[in-house]
Amino acid sequence: EDLALEQAIAREALSLALRHARPHFPRSLPRREGRLLPPFEPILVGGSVLANAPTFGQRLLMALDALQPTGITTLILDQNALLPLLGAAAEVTAILPVHVLESGAFVSMATVVSPVSPASHGMTVLSARLVHEDGTETRTDVKFGALEVLPLPAGQKARLHLLPRRRTDVGAGPGRRLSVQVVGGVLGVVIDARGRPLSLPEDPVRRRELLKKWLWTLGG
């Protein structure tokens, strides 16, 4: 119970931090309807609650719930609290943070696909096909409200083909298909089709069951 409370507060803290940062986003970023987060690549997250959570599933779910990214992005965890140090070091040596980012000091949790869709709960919004370097494929049809995991070992590359349905936008525009190279993280490739903005049931029993289901899906 204490852990659940701690993680709930972390979600709220991340969400508030994002709200305060929003006015300072670069004007060149594409704008999303409402208060949706524009596409960022990658997204680096840190903090003791995320770094010390028992599983990567819990860490990723906290970040997804709080930030609610859109499009395709890589969620990277700063589990050693290096970001503040790199920020200070960048003022002296601008290239140092780049070298550290490429050194493996940070952990890639997953490549995340977050479609934005006008569909209703339970409707199929996306067909995904992951083609591995050895030619094997993983296919899935994703329904609105679902959280799906496509296995892809950390560091391995694959080609992800996305076919949106019902004017769903995966980053290329409503209804437009997309094919991109992705790199696996600890949790592989995650498709977060739970909706943007994220909406939870008002009924507490249904809400608890849904939260448990999402956590179970990510191995939390």
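Which residue in E3 is the bridge partner of Thr73? In this predicted model, where local features need pLDDT of at least 70, side-chain atom pairs count only at pLDDT 80 or more, and totals for chains, interfaces and linings use all residues, the partner turns out to be Val112. Numbering runs from 1 along each chain as its sequence is written, and side-chain values use heavy atoms, with hydrogens and water left out.

The bridge between Thr73 and Val112 belongs to strands E2 (71-78) and E3 (107-114); helices (H or I, at least four residues) and strands (E, at least two) are DSSP runs numbered from the N terminus. E2 and E3 pair in the antiparallel sense, over seven bridges, where pairing takes at least two DSSP bridges between the strands. With E1, E2 pairs in the parallel sense over four bridges, and here Val45 stands opposite Leu77. E2 is mostly covered, with seven of its eight residues buried; buried means under 20% relative accessible area, exposed over 50%, and partly exposed in between (1.4 Å probe, protein chains only).

Next comes the packing. The largest nonpolar core has 29 residues, and Val45, Leu50, Leu60, Leu75, Val112 and Val190 touch the most other members. Such a core is a set of buried Ala, Val, Leu, Ile, Met, Phe, Trp, Tyr and Cys residues joined through side-chain atoms within 4.5 Å. At least two residues each come from H1, E1 (43-46), H3, E2, E3 and H6 (204-217), and H3 gives the most, with seven. A second, separate core of 19 residues includes Phe144, Leu150, Leu160 and Val189. As for Leu75, not counting residues up to four places away in sequence, its contacts (heavy atoms within 4.5 Å) include Ile43, Val45, Leu60, Ala63 and Val112.

Helix H1 (residues 2-21) has 20 residues, which at 1.5 Å a residue should span 28 Å, and its end C-alpha atoms agree, sitting 29 Å apart; the expected span is 1.5 Å times one less than the number of residues. Gln7, Ala10, Leu14 and Leu18 are the buried residues of H1. Seen down the helix axis, these fall within an arc of 70 degrees, so they line one face of H1; the arc is that of the directions from the axis to the C-beta atoms. Turned away from that buried side, the other face carries the exposed residues Asp2, Ile9 and His20. The cover over the buried residues of H1 includes helices H2 (48-51) and H3 (56-67).

Ala66 has a relative accessible area of 7%, so it counts as buried. Leaving aside neighbours within four places in sequence, Ala66 is in contact with Arg11, Leu14, Ser15 and Leu18. Ala66 and Leu18 are 48 residues apart in sequence, yet their C-alpha atoms are 8.5 Å apart in space.

Two more residues round out the picture. Leu83, found in helix H4 (residues 83-90), is partly exposed, at 32% relative accessible area. Beyond four places in sequence, Leu83 is in contact with Leu44, Asp78 and Phe106. Thr168 is in the loop between strands E7 (157-164) and E8 (178-183), and counts as buried because its relative accessibility is 0%. The Thr168 side chain reaches the backbone oxygen of Val125 at 3.4 Å.

Terms used:
Polar contact = N/O pair within 3.5 Å; in protein donor to acceptor, adjacent residues only side chain to side chain.
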